[in-house]
Amino acid sequence: MLTLNDVQAGYGRTTILHGINVEVQKGEVVTIVGANGAGKTTTLRSIAGLVRPTSGSITFEGEPIGKLSPHEVVARGITLIPEGRQLFPFMSVRDNLRMGAYTPQARARMSATMDEVMDLFPRVREKLEQHAGSLSGGEQQMVAIARGLMARPKLLMFDEPSLGLAPIIVAQVFDVVEKIVATGVTVLIVEQNVFRTLNIADRGYVLENGEIVMTDSGQALLRDDHVRRAYLGI
Amino acid sequence: MDTFLQLVLNGLMLGGLFAIISVGLTLIFGIIRLVNFAHGELLMAGMYLTWLGTTKLGLHPYVLAPPLVLVLFVIGVAIQRFILQPLLEARDAHVQIFATVGLSTALINLALLLFGADLYATPAAHVRDPIMLGPFRIIVGQLVMFGAGIAVVTGLHVFMERSFLGRAIRATAQHRAAAQLMGVDVNRIYMVTFGIGAGCVGLAAALVAPVYPTSPTVGTYFVLTAFVVVVLGGMGSLHGAFIGALLIGLVDSLSGFYIAPDLKEVVIFGLFILILLLRPTGLFGLGRGSE
Ligand SMILES: Nc1ncnc2c1ncn2[C@@H]1O[C@H](COP(=O)(O)OP(=O)(O)OP(=O)(O)O)[C@@H](O)[C@H]1O
Ligand SMILES: [Mg+2]
(Lines give C-alpha, C1' and ligand atoms only; values in the text may rest on other atoms or scores of the structure.)
(Ligands and ions follow the chains in the order given, each with its own letter.)
Protein backbone atom coordinates (compact mmCIF):
# COMPACT_ATOMS: atom_id res chain seq x y z
CA MET A 1 0.00 0.00 0.00
CA LEU A 2 2.76 2.43 1.06
CA THR A 3 6.36 2.05 -0.03
CA LEU A 4 9.33 4.23 0.86
CA ASN A 5 12.19 3.36 -1.42
CA ASP A 6 15.66 4.67 -0.51
CA VAL A 7 14.19 7.92 0.82
CA GLN A 8 16.56 10.71 1.74
CA ALA A 9 15.18 13.79 3.43
CA GLY A 10 16.19 16.57 5.79
CA TYR A 11 15.93 20.21 6.63
CA GLY A 12 17.89 22.75 4.63
CA ARG A 13 21.33 21.30 4.05
CA THR A 14 21.19 18.72 6.85
CA THR A 15 20.18 15.27 5.73
CA ILE A 16 18.25 13.41 8.43
CA LEU A 17 17.06 10.31 6.59
CA HIS A 18 19.88 8.55 4.75
CA GLY A 19 17.96 6.43 2.29
CA ILE A 20 15.34 4.43 4.18
CA ASN A 21 13.08 1.63 2.96
CA VAL A 22 9.73 1.17 4.65
CA GLU A 23 6.74 -0.85 3.53
CA VAL A 24 3.20 -0.87 4.87
CA GLN A 25 0.69 -3.42 3.60
CA LYS A 26 -3.03 -2.84 3.57
CA GLY A 27 -4.58 -3.67 6.95
CA GLU A 28 -1.25 -3.78 8.75
CA VAL A 29 -0.14 -2.01 11.89
CA VAL A 30 3.46 -0.95 11.45
CA THR A 31 5.64 0.91 13.92
CA ILE A 32 8.91 2.75 13.65
CA VAL A 33 11.06 2.54 16.78
CA GLY A 34 14.00 4.82 17.41
CA ALA A 35 15.74 7.11 19.85
CA ASN A 36 15.07 10.84 20.14
CA GLY A 37 16.24 12.58 17.00
CA ALA A 38 16.52 9.37 14.99
CA GLY A 39 14.23 10.77 12.29
CA LYS A 40 10.88 9.16 13.08
CA THR A 41 8.90 12.39 12.83
CA THR A 42 10.84 13.34 9.72
CA THR A 43 9.80 10.04 8.14
CA LEU A 44 6.13 10.66 8.86
CA ARG A 45 6.42 14.26 7.69
CA SER A 46 7.99 13.10 4.43
CA ILE A 47 5.07 10.78 3.79
CA ALA A 48 2.61 13.56 4.66
CA GLY A 49 4.27 15.92 2.19
CA LEU A 50 5.47 18.39 4.83
CA VAL A 51 9.10 17.52 4.12
CA ARG A 52 10.15 16.95 0.53
CA PRO A 53 12.44 13.95 0.00
CA THR A 54 15.69 14.91 -1.71
CA SER A 55 15.98 11.52 -3.34
CA GLY A 56 14.27 8.14 -3.42
CA SER A 57 10.56 7.57 -3.95
CA ILE A 58 7.38 7.29 -1.93
CA THR A 59 4.49 5.44 -3.52
CA PHE A 60 0.98 4.96 -2.21
CA GLU A 61 -1.40 2.50 -3.86
CA GLY A 62 1.02 2.27 -6.75
CA GLU A 63 1.28 6.00 -7.41
CA PRO A 64 4.21 8.28 -6.56
CA ILE A 65 3.29 10.77 -3.85
CA GLY A 66 6.73 12.09 -2.94
CA LYS A 67 6.28 15.35 -4.79
CA LEU A 68 2.71 16.08 -3.71
CA SER A 69 1.73 18.93 -1.39
CA PRO A 70 0.38 18.00 2.04
CA HIS A 71 -3.22 18.69 1.06
CA GLU A 72 -2.89 16.44 -1.98
CA VAL A 73 -1.52 13.64 0.19
CA VAL A 74 -4.54 13.97 2.49
CA ALA A 75 -6.83 13.77 -0.51
CA ARG A 76 -5.18 10.43 -1.44
CA GLY A 77 -6.25 9.02 1.91
CA ILE A 78 -3.24 9.49 4.20
CA THR A 79 -3.76 11.35 7.45
CA LEU A 80 -1.12 12.26 10.02
CA ILE A 81 -2.07 12.85 13.63
CA PRO A 82 0.89 15.04 14.45
CA GLU A 83 3.20 15.09 17.41
CA GLY A 84 2.03 17.68 19.91
CA ARG A 85 -1.63 17.45 18.86
CA GLN A 86 -1.71 20.71 16.86
CA LEU A 87 -5.38 21.50 17.40
CA PHE A 88 -6.96 24.78 16.34
CA PRO A 89 -7.03 26.31 19.81
CA PHE A 90 -9.64 29.03 19.31
CA MET A 91 -12.11 26.78 17.55
CA SER A 92 -14.67 24.63 19.24
CA VAL A 93 -13.98 20.91 19.44
CA ARG A 94 -16.83 20.43 16.98
CA ASP A 95 -15.22 22.78 14.47
CA ASN A 96 -11.89 21.01 14.92
CA LEU A 97 -13.61 17.75 14.03
CA ARG A 98 -15.32 19.39 11.05
CA MET A 99 -11.91 20.55 9.87
CA GLY A 100 -10.84 16.90 10.00
CA ALA A 101 -13.47 16.18 7.37
CA TYR A 102 -12.27 18.92 5.02
CA THR A 103 -11.57 16.82 1.92
CA PRO A 104 -14.54 16.51 -0.44
CA GLN A 105 -14.76 12.74 0.09
CA ALA A 106 -14.83 13.09 3.88
CA ARG A 107 -17.15 16.10 3.80
CA ALA A 108 -19.84 14.18 1.96
CA ARG A 109 -20.06 11.68 4.83
CA MET A 110 -19.28 14.05 7.68
CA SER A 111 -22.29 13.60 9.92
CA ALA A 112 -22.19 9.81 9.71
CA THR A 113 -18.46 9.83 10.48
CA MET A 114 -19.04 12.22 13.36
CA ASP A 115 -21.48 9.74 14.93
CA GLU A 116 -19.08 6.84 14.52
CA VAL A 117 -16.16 8.78 15.93
CA MET A 118 -18.18 10.03 18.88
CA ASP A 119 -19.01 6.43 19.78
CA LEU A 120 -15.28 5.88 20.11
CA PHE A 121 -14.81 9.02 22.23
CA PRO A 122 -17.73 9.51 24.60
CA ARG A 123 -15.71 12.04 26.59
CA VAL A 124 -15.13 14.21 23.54
CA ARG A 125 -18.85 14.30 22.86
CA GLU A 126 -19.37 16.15 26.14
CA LYS A 127 -16.86 18.83 25.16
CA LEU A 128 -18.01 19.56 21.63
CA GLU A 129 -18.82 23.22 22.20
CA GLN A 130 -15.69 24.02 24.21
CA HIS A 131 -12.64 25.72 22.73
CA ALA A 132 -10.06 23.04 21.92
CA GLY A 133 -7.36 25.13 23.57
CA SER A 134 -9.16 24.97 26.91
CA LEU A 135 -9.06 21.16 27.17
CA SER A 136 -6.60 19.12 29.21
CA GLY A 137 -3.66 17.47 27.44
CA GLY A 138 -5.31 14.07 27.44
CA GLU A 139 -8.57 15.45 26.10
CA GLN A 140 -6.69 17.35 23.42
CA GLN A 141 -4.96 14.16 22.34
CA MET A 142 -8.32 12.41 22.06
CA VAL A 143 -9.64 15.29 19.94
CA ALA A 144 -6.53 15.12 17.75
CA ILE A 145 -7.13 11.42 17.14
CA ALA A 146 -10.84 11.96 16.57
CA ARG A 147 -10.05 14.76 14.13
CA GLY A 148 -7.72 12.45 12.23
CA LEU A 149 -10.44 9.81 11.98
CA MET A 150 -12.87 12.36 10.57
CA ALA A 151 -10.91 12.24 7.30
CA ARG A 152 -11.79 8.53 6.90
CA PRO A 153 -8.17 7.80 5.98
CA LYS A 154 -6.98 4.64 4.28
CA LEU A 155 -3.67 5.04 6.11
CA LEU A 156 -3.59 6.66 9.53
CA MET A 157 -0.26 7.80 10.93
CA PHE A 158 0.26 8.50 14.61
CA ASP A 159 3.23 10.50 15.86
CA GLU A 160 3.78 10.01 19.60
CA PRO A 161 0.12 9.95 20.64
CA SER A 162 0.96 9.40 24.31
CA LEU A 163 3.72 11.99 24.59
CA GLY A 164 3.56 14.04 27.76
CA LEU A 165 0.47 12.36 29.17
CA ALA A 166 -0.12 10.87 32.63
CA PRO A 167 0.11 7.05 32.78
CA ILE A 168 -3.64 6.58 33.20
CA ILE A 169 -4.29 8.74 30.12
CA VAL A 170 -1.61 6.88 28.19
CA ALA A 171 -3.58 3.70 28.87
CA GLN A 172 -6.73 5.34 27.50
CA VAL A 173 -4.90 6.49 24.39
CA PHE A 174 -3.68 2.96 23.76
CA ASP A 175 -7.20 1.61 24.26
CA VAL A 176 -8.40 3.98 21.57
CA VAL A 177 -5.54 3.10 19.24
CA GLU A 178 -6.36 -0.58 19.69
CA LYS A 179 -10.02 0.05 18.92
CA ILE A 180 -9.03 1.91 15.77
CA VAL A 181 -6.71 -0.93 14.76
CA ALA A 182 -9.60 -3.34 15.31
CA THR A 183 -11.70 -1.46 12.74
CA GLY A 184 -9.17 -2.52 10.12
CA VAL A 185 -7.59 0.84 9.25
CA THR A 186 -4.00 0.59 8.12
CA VAL A 187 -1.80 2.22 10.75
CA LEU A 188 1.76 3.53 10.84
CA ILE A 189 2.65 4.52 14.37
CA VAL A 190 5.61 6.11 16.10
CA GLU A 191 5.48 5.83 19.89
CA GLN A 192 7.87 6.23 22.78
CA ASN A 193 5.97 3.49 24.61
CA VAL A 194 7.78 0.85 22.61
CA PHE A 195 6.58 -2.16 24.58
CA ARG A 196 2.87 -1.55 24.14
CA THR A 197 3.33 -0.46 20.55
CA LEU A 198 5.29 -3.54 19.50
CA ASN A 199 2.59 -5.61 21.13
CA ILE A 200 -0.10 -4.25 18.83
CA ALA A 201 2.13 -3.92 15.76
CA ASP A 202 2.27 -6.55 13.04
CA ARG A 203 5.73 -5.36 12.06
CA GLY A 204 8.29 -2.85 13.23
CA TYR A 205 11.30 -0.97 11.91
CA VAL A 206 14.19 0.19 14.05
CA LEU A 207 15.47 3.58 12.94
CA GLU A 208 18.87 4.77 14.16
CA ASN A 209 20.51 7.99 12.99
CA GLY A 210 18.33 8.14 9.92
CA GLU A 211 18.91 4.55 8.84
CA ILE A 212 16.76 1.45 9.21
CA VAL A 213 18.95 -1.01 11.09
CA MET A 214 16.46 -3.78 11.68
CA THR A 215 12.96 -4.88 10.72
CA ASP A 216 10.87 -7.81 11.90
CA SER A 217 7.49 -8.74 13.30
CA GLY A 218 6.40 -6.91 16.43
CA GLN A 219 6.73 -10.03 18.53
CA ALA A 220 10.19 -10.85 17.20
CA LEU A 221 11.42 -7.35 17.92
CA LEU A 222 10.08 -7.64 21.47
CA ARG A 223 12.35 -10.65 21.94
CA ASP A 224 15.36 -9.10 20.23
CA ASP A 225 18.33 -8.41 22.52
CA HIS A 226 19.31 -5.11 20.91
CA VAL A 227 15.74 -3.79 20.98
CA ARG A 228 15.29 -4.92 24.56
CA ARG A 229 18.47 -3.21 25.68
CA ALA A 230 18.16 -0.01 23.68
CA TYR A 231 14.41 0.63 23.72
CA LEU A 232 12.80 -1.45 26.42
CA GLY A 233 15.43 -0.95 29.10
CA ILE A 234 15.56 -4.61 29.94
CA MET B 1 -28.57 68.51 21.47
CA ASP B 2 -29.99 68.03 18.00
CA THR B 3 -26.66 69.03 16.50
CA PHE B 4 -24.89 66.51 18.66
CA LEU B 5 -27.25 63.70 17.67
CA GLN B 6 -26.98 64.71 14.04
CA LEU B 7 -23.20 64.46 14.32
CA VAL B 8 -23.48 61.07 15.99
CA LEU B 9 -25.68 59.92 13.14
CA ASN B 10 -23.20 61.22 10.57
CA GLY B 11 -20.36 59.55 12.44
CA LEU B 12 -22.07 56.15 12.51
CA MET B 13 -22.84 56.38 8.81
CA LEU B 14 -19.22 57.23 8.06
CA GLY B 15 -18.24 54.33 10.32
CA GLY B 16 -20.08 51.99 7.98
CA LEU B 17 -17.71 52.96 5.18
CA PHE B 18 -14.65 52.65 7.41
CA ALA B 19 -15.92 49.22 8.43
CA ILE B 20 -15.97 47.91 4.86
CA ILE B 21 -12.41 49.08 4.22
CA SER B 22 -11.08 48.01 7.62
CA VAL B 23 -12.62 44.56 7.57
CA GLY B 24 -10.67 43.76 4.41
CA LEU B 25 -7.47 45.08 5.94
CA THR B 26 -7.89 43.23 9.22
CA LEU B 27 -8.79 40.00 7.41
CA ILE B 28 -5.60 40.10 5.36
CA PHE B 29 -3.61 40.90 8.46
CA GLY B 30 -5.27 38.28 10.66
CA ILE B 31 -5.07 35.41 8.19
CA ILE B 32 -2.05 36.06 5.98
CA ARG B 33 -0.20 37.99 8.72
CA LEU B 34 0.52 40.67 6.19
CA VAL B 35 0.13 44.41 6.55
CA ASN B 36 -1.23 45.37 3.17
CA PHE B 37 0.11 48.83 2.45
CA ALA B 38 -1.49 48.74 -0.99
CA HIS B 39 -5.00 48.52 0.44
CA GLY B 40 -5.70 52.23 -0.12
CA GLU B 41 -4.41 52.11 -3.65
CA LEU B 42 -6.76 49.24 -4.43
CA LEU B 43 -9.54 51.53 -3.19
CA MET B 44 -8.20 54.29 -5.42
CA ALA B 45 -8.12 51.92 -8.41
CA GLY B 46 -11.68 50.90 -7.64
CA MET B 47 -12.76 54.53 -7.50
CA TYR B 48 -11.25 55.27 -10.93
CA LEU B 49 -12.97 52.19 -12.29
CA THR B 50 -16.23 53.48 -10.83
CA TRP B 51 -15.64 56.85 -12.45
CA LEU B 52 -14.93 55.17 -15.78
CA GLY B 53 -18.01 53.00 -15.51
CA THR B 54 -20.31 55.90 -14.73
CA THR B 55 -18.92 58.39 -17.24
CA LYS B 56 -18.12 56.04 -20.13
CA LEU B 57 -20.83 53.42 -19.73
CA GLY B 58 -23.45 55.61 -18.10
CA LEU B 59 -24.02 53.18 -15.25
CA HIS B 60 -24.92 54.15 -11.69
CA PRO B 61 -22.04 53.56 -9.25
CA TYR B 62 -24.24 51.26 -7.16
CA VAL B 63 -24.90 49.11 -10.20
CA LEU B 64 -21.14 48.91 -10.64
CA ALA B 65 -20.63 47.61 -7.11
CA PRO B 66 -21.09 43.87 -7.78
CA PRO B 67 -18.78 43.78 -10.83
CA LEU B 68 -16.24 45.89 -8.94
CA VAL B 69 -16.24 43.46 -6.04
CA LEU B 70 -15.56 40.71 -8.53
CA VAL B 71 -12.83 42.61 -10.39
CA LEU B 72 -11.06 43.59 -7.17
CA PHE B 73 -11.41 40.03 -5.87
CA VAL B 74 -9.64 38.76 -8.97
CA ILE B 75 -6.96 41.47 -8.69
CA GLY B 76 -6.46 40.52 -5.03
CA VAL B 77 -6.12 36.84 -5.87
CA ALA B 78 -3.62 37.72 -8.59
CA ILE B 79 -1.55 39.92 -6.24
CA GLN B 80 -1.35 37.10 -3.73
CA ARG B 81 -0.62 34.46 -6.35
CA PHE B 82 1.91 36.29 -8.50
CA ILE B 83 3.54 38.81 -6.17
CA LEU B 84 3.22 37.76 -2.55
CA GLN B 85 3.22 33.96 -2.76
CA PRO B 86 6.54 33.76 -4.62
CA LEU B 87 7.97 35.99 -1.89
CA LEU B 88 6.66 33.70 0.83
CA GLU B 89 9.60 31.43 0.15
CA ALA B 90 11.97 34.37 0.54
CA ARG B 91 14.02 34.26 3.69
CA ASP B 92 12.67 37.40 5.24
CA ALA B 93 8.92 37.75 5.76
CA HIS B 94 9.28 41.53 5.64
CA VAL B 95 9.96 41.30 1.94
CA GLN B 96 6.22 40.82 1.45
CA ILE B 97 5.49 44.06 3.25
CA PHE B 98 7.99 45.93 1.10
CA ALA B 99 6.25 44.41 -1.90
CA THR B 100 2.91 45.91 -0.88
CA VAL B 101 4.57 49.29 -0.30
CA GLY B 102 6.10 49.01 -3.77
CA LEU B 103 2.76 48.04 -5.25
CA SER B 104 1.16 51.04 -3.58
CA THR B 105 3.71 53.42 -5.08
CA ALA B 106 3.41 51.79 -8.48
CA LEU B 107 -0.37 52.11 -8.47
CA ILE B 108 -0.23 55.79 -7.46
CA ASN B 109 2.19 56.52 -10.27
CA LEU B 110 0.12 54.55 -12.73
CA ALA B 111 -2.91 56.64 -11.74
CA LEU B 112 -0.92 59.86 -12.17
CA LEU B 113 0.16 58.70 -15.60
CA LEU B 114 -3.34 57.75 -16.73
CA PHE B 115 -5.48 60.38 -15.06
CA GLY B 116 -3.14 63.15 -13.91
CA ALA B 117 -3.39 64.79 -10.52
CA ASP B 118 -6.88 66.26 -11.08
CA LEU B 119 -9.83 65.45 -8.87
CA TYR B 120 -12.52 63.39 -10.61
CA ALA B 121 -16.09 63.67 -9.44
CA THR B 122 -18.21 60.60 -10.11
CA PRO B 123 -21.74 61.58 -11.08
CA ALA B 124 -24.51 59.60 -9.44
CA ALA B 125 -28.23 60.26 -9.36
CA HIS B 126 -30.00 60.35 -5.97
CA VAL B 127 -26.91 59.58 -3.91
CA ARG B 128 -27.04 63.02 -2.37
CA ASP B 129 -30.80 63.10 -1.89
CA PRO B 130 -31.64 63.85 1.73
CA ILE B 131 -33.81 61.65 3.87
CA MET B 132 -35.44 63.24 6.90
CA LEU B 133 -35.67 61.22 10.09
CA GLY B 134 -37.63 63.59 12.30
CA PRO B 135 -35.30 66.52 12.87
CA PHE B 136 -32.31 64.63 11.47
CA ARG B 137 -31.08 64.64 7.96
CA ILE B 138 -29.03 61.96 6.27
CA ILE B 139 -28.25 61.52 2.63
CA VAL B 140 -28.99 58.35 0.71
CA GLY B 141 -25.28 57.71 0.09
CA GLN B 142 -24.54 57.68 3.81
CA LEU B 143 -27.36 55.30 4.58
CA VAL B 144 -26.22 52.93 1.84
CA MET B 145 -22.69 52.92 3.25
CA PHE B 146 -23.95 52.16 6.71
CA GLY B 147 -26.23 49.38 5.51
CA ALA B 148 -23.49 47.93 3.35
CA GLY B 149 -21.06 48.04 6.24
CA ILE B 150 -23.41 46.04 8.44
CA ALA B 151 -24.16 43.62 5.61
CA VAL B 152 -20.48 43.03 4.86
CA VAL B 153 -19.51 42.43 8.47
CA THR B 154 -22.50 40.16 9.11
CA GLY B 155 -21.98 38.30 5.87
CA LEU B 156 -18.29 37.74 6.53
CA HIS B 157 -19.00 36.64 10.08
CA VAL B 158 -21.48 34.01 8.92
CA PHE B 159 -19.14 32.93 6.14
CA MET B 160 -16.21 32.51 8.54
CA GLU B 161 -18.24 30.65 11.17
CA ARG B 162 -20.47 28.43 9.08
CA SER B 163 -18.85 27.53 5.77
CA PHE B 164 -16.15 24.95 5.21
CA LEU B 165 -14.03 27.52 3.42
CA GLY B 166 -14.46 30.12 6.16
CA ARG B 167 -13.58 27.56 8.80
CA ALA B 168 -10.51 26.56 6.80
CA ILE B 169 -9.49 30.22 6.64
CA ARG B 170 -9.68 30.49 10.43
CA ALA B 171 -7.90 27.18 10.85
CA THR B 172 -5.06 28.32 8.62
CA ALA B 173 -4.63 31.44 10.74
CA GLN B 174 -4.60 29.44 13.98
CA HIS B 175 -2.33 26.63 12.88
CA ARG B 176 -1.05 26.66 9.35
CA ALA B 177 0.70 23.27 9.42
CA ALA B 178 -2.27 21.54 11.05
CA ALA B 179 -4.59 23.04 8.44
CA GLN B 180 -2.40 21.48 5.76
CA LEU B 181 -2.72 18.14 7.52
CA MET B 182 -6.52 18.46 7.26
CA GLY B 183 -6.18 18.76 3.48
CA VAL B 184 -6.32 22.54 3.26
CA ASP B 185 -4.41 24.11 0.40
CA VAL B 186 -3.07 27.08 2.34
CA ASN B 187 -1.85 28.94 -0.73
CA ARG B 188 -5.38 28.84 -2.02
CA ILE B 189 -6.66 30.06 1.35
CA TYR B 190 -4.29 33.03 1.16
CA MET B 191 -5.43 33.83 -2.35
CA VAL B 192 -9.09 33.72 -1.37
CA THR B 193 -8.40 35.82 1.71
CA PHE B 194 -6.54 38.51 -0.19
CA GLY B 195 -9.31 38.36 -2.78
CA ILE B 196 -12.00 38.92 -0.16
CA GLY B 197 -10.01 41.77 1.40
CA ALA B 198 -9.64 43.42 -1.99
CA GLY B 199 -13.28 42.69 -2.86
CA CYS B 200 -14.37 44.66 0.22
CA VAL B 201 -12.41 47.58 -1.10
CA GLY B 202 -14.14 47.20 -4.47
CA LEU B 203 -17.48 47.64 -2.75
CA ALA B 204 -16.19 50.57 -0.73
CA ALA B 205 -14.93 52.21 -3.92
CA ALA B 206 -18.33 52.08 -5.60
CA LEU B 207 -19.97 53.57 -2.52
CA VAL B 208 -17.44 56.29 -1.79
CA ALA B 209 -16.75 57.49 -5.34
CA PRO B 210 -20.06 59.41 -5.66
CA VAL B 211 -19.48 61.35 -2.43
CA TYR B 212 -15.72 61.86 -2.41
CA PRO B 213 -13.57 63.05 -5.32
CA THR B 214 -11.16 60.56 -6.82
CA SER B 215 -7.46 61.34 -7.07
CA PRO B 216 -4.26 59.26 -7.17
CA THR B 217 -3.69 59.70 -3.43
CA VAL B 218 -7.29 59.33 -2.25
CA GLY B 219 -6.55 55.90 -0.82
CA THR B 220 -4.09 57.25 1.71
CA TYR B 221 -6.67 59.18 3.71
CA PHE B 222 -9.13 56.32 4.00
CA VAL B 223 -6.58 53.65 4.67
CA LEU B 224 -4.65 55.55 7.30
CA THR B 225 -7.97 55.80 9.10
CA ALA B 226 -8.55 52.10 8.48
CA PHE B 227 -5.19 51.32 10.08
CA VAL B 228 -6.30 53.20 13.18
CA VAL B 229 -9.58 51.25 13.15
CA VAL B 230 -7.82 47.93 12.77
CA VAL B 231 -5.44 48.63 15.62
CA LEU B 232 -8.25 49.97 17.79
CA GLY B 233 -10.41 46.92 17.13
CA GLY B 234 -7.58 44.48 17.68
CA MET B 235 -5.60 43.44 14.61
CA GLY B 236 -7.29 40.55 12.88
CA SER B 237 -10.61 40.84 14.67
CA LEU B 238 -13.65 41.25 12.40
CA HIS B 239 -16.15 42.50 14.94
CA GLY B 240 -13.37 44.56 16.52
CA ALA B 241 -12.90 46.28 13.17
CA PHE B 242 -16.63 46.95 12.97
CA ILE B 243 -16.89 48.50 16.45
CA GLY B 244 -13.60 50.34 15.87
CA ALA B 245 -14.92 51.73 12.59
CA LEU B 246 -18.06 53.09 14.22
CA LEU B 247 -16.00 54.65 17.02
CA ILE B 248 -13.58 56.28 14.62
CA GLY B 249 -16.52 57.45 12.52
CA LEU B 250 -17.92 59.14 15.64
CA VAL B 251 -14.58 60.67 16.55
CA ASP B 252 -14.17 61.93 12.99
CA SER B 253 -17.59 63.50 12.94
CA LEU B 254 -17.57 65.00 16.44
CA SER B 255 -14.02 66.31 16.43
CA GLY B 256 -14.54 67.78 12.98
CA PHE B 257 -17.34 69.90 14.43
CA TYR B 258 -16.36 70.56 18.03
CA ILE B 259 -12.62 70.91 17.58
CA ALA B 260 -11.88 71.88 14.00
CA PRO B 261 -12.31 70.19 10.64
CA ASP B 262 -8.60 70.50 9.90
CA LEU B 263 -7.68 68.93 13.20
CA LYS B 264 -9.79 65.77 13.09
CA GLU B 265 -6.94 63.75 11.66
CA VAL B 266 -4.73 64.98 14.46
CA VAL B 267 -7.34 63.78 16.93
CA ILE B 268 -7.65 60.39 15.26
CA PHE B 269 -3.92 59.82 15.21
CA GLY B 270 -3.57 61.11 18.74
CA LEU B 271 -6.05 58.41 19.66
CA PHE B 272 -4.05 55.92 17.61
CA ILE B 273 -0.88 56.62 19.58
CA LEU B 274 -2.82 56.46 22.82
CA ILE B 275 -4.17 53.00 21.95
CA LEU B 276 -0.71 51.79 21.05
CA LEU B 277 0.59 53.01 24.38
CA LEU B 278 -2.27 51.86 26.59
CA ARG B 279 -3.70 48.81 24.93
CA PRO B 280 -1.61 47.65 21.99
CA THR B 281 -3.73 44.55 21.45
CA GLY B 282 -6.77 46.74 20.77
CA LEU B 283 -10.25 46.41 22.17
CA PHE B 284 -10.88 42.88 20.93
CA GLY B 285 -7.37 41.66 20.23
CA LEU B 286 -6.42 38.22 21.43
CA GLY B 287 -2.87 39.33 21.98
CA ARG B 288 0.17 37.27 21.31
CA GLY B 289 -1.45 33.97 22.19
CA SER B 290 -3.65 34.16 19.13
CA GLU B 291 -0.88 32.87 16.89
N1 LIG C 1 12.23 21.81 11.39
C2 LIG C 1 13.47 21.33 11.57
N3 LIG C 1 14.54 22.02 11.13
C4 LIG C 1 15.80 21.54 11.30
N5 LIG C 1 16.08 20.39 11.89
C6 LIG C 1 15.09 19.64 12.36
C7 LIG C 1 13.72 20.08 12.23
N8 LIG C 1 12.93 19.14 12.79
C9 LIG C 1 13.76 18.18 13.24
N10 LIG C 1 15.04 18.48 13.00
C11 LIG C 1 16.19 17.64 13.32
O12 LIG C 1 16.05 16.43 12.65
C13 LIG C 1 16.49 15.35 13.45
C14 LIG C 1 15.43 14.29 13.50
O15 LIG C 1 14.26 14.83 14.07
P16 LIG C 1 12.92 14.04 14.18
O17 LIG C 1 11.93 14.99 14.74
O18 LIG C 1 12.59 13.38 12.92
O19 LIG C 1 13.29 12.95 15.26
P20 LIG C 1 12.36 11.94 16.05
O21 LIG C 1 12.91 10.61 15.78
O22 LIG C 1 10.95 12.18 15.73
O23 LIG C 1 12.69 12.35 17.53
P24 LIG C 1 11.74 12.48 18.82
O25 LIG C 1 11.69 11.12 19.43
O26 LIG C 1 12.47 13.43 19.69
O27 LIG C 1 10.42 12.97 18.38
C28 LIG C 1 16.82 15.94 14.81
O29 LIG C 1 18.22 16.04 14.90
C30 LIG C 1 16.20 17.30 14.78
O31 LIG C 1 16.99 18.21 15.51
MG1 LIG D 1 9.33 12.89 16.80
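Me: In which helix does B:Leu25 lie, and why does this residue count as buried?
Reply: B:Leu25 lies in helix H1 (residues 2–32) of chain B, where helices (H or I, at least four residues) and strands (E, at least two) are DSSP runs, numbered from the N terminus. Buried means under 20% relative accessible area, exposed over 50%, and partly exposed in between, with a 1.4 Å probe and protein chains only; B:Leu25 has 3% relative accessibility and therefore counts as buried. This is a predicted model, in which local features need pLDDT of at least 70 and side-chain atom pairs count only at pLDDT 80 or more, while totals for chains, interfaces and linings use all residues. Residues are numbered from 1 along each chain as its sequence is written, chains are lettered from A and ligands numbered from 1 in the order in which they are written, and side-chain values use heavy atoms, with hydrogens and water left out.

Me: Which residues is B:Leu25 in contact with, leaving aside its neighbours within four places in sequence?
Reply: Contact means heavy atoms within 4.5 Å, and with those neighbours left aside B:Leu25 is in contact with B:Asn36, B:His39, B:Ala226, B:Phe227 and B:Val230.

Me: Why is B:Arg33 called partly exposed, and what is its phi?
Reply: The relative accessible area of B:Arg33 is 35%, so this residue is partly exposed. B:Arg33 lies in the loop between H1 and helix H2 (39–57) of chain B, and its phi is positive, about 60°, although B:Arg33 is not a glycine. Most residues other than glycine have a negative phi.

Me: What makes A:Arg152 count as partly exposed?
Reply: A:Arg152 counts as partly exposed because its relative accessibility is 28%. A:Arg152 is found in the loop between helix H7 (137–149) and strand E7 (155–159) of chain A, and this residue, not a glycine, has a positive phi of about 50°.

Me: How do you know that A:Asn36 has a polar contact with ligand 1?
Reply: A polar contact is a pair of N or O atoms within 3.5 Å, and a polar side-chain atom of A:Asn36 lies 3.0 Å from an oxygen atom of ligand 1. For A:Gly39, a backbone N or O atom lies 2.9 Å from an oxygen atom of ligand 1, whereas for A:Glu83 an N or O atom in the side chain is 3.3 Å from a ligand oxygen.

Note on methods. A polar contact is a pair of N or O atoms within 3.5 Å; within protein, one must be able to donate a hydrogen and the other to accept it, and residues adjacent in sequence count only if both atoms are side-chain atoms.
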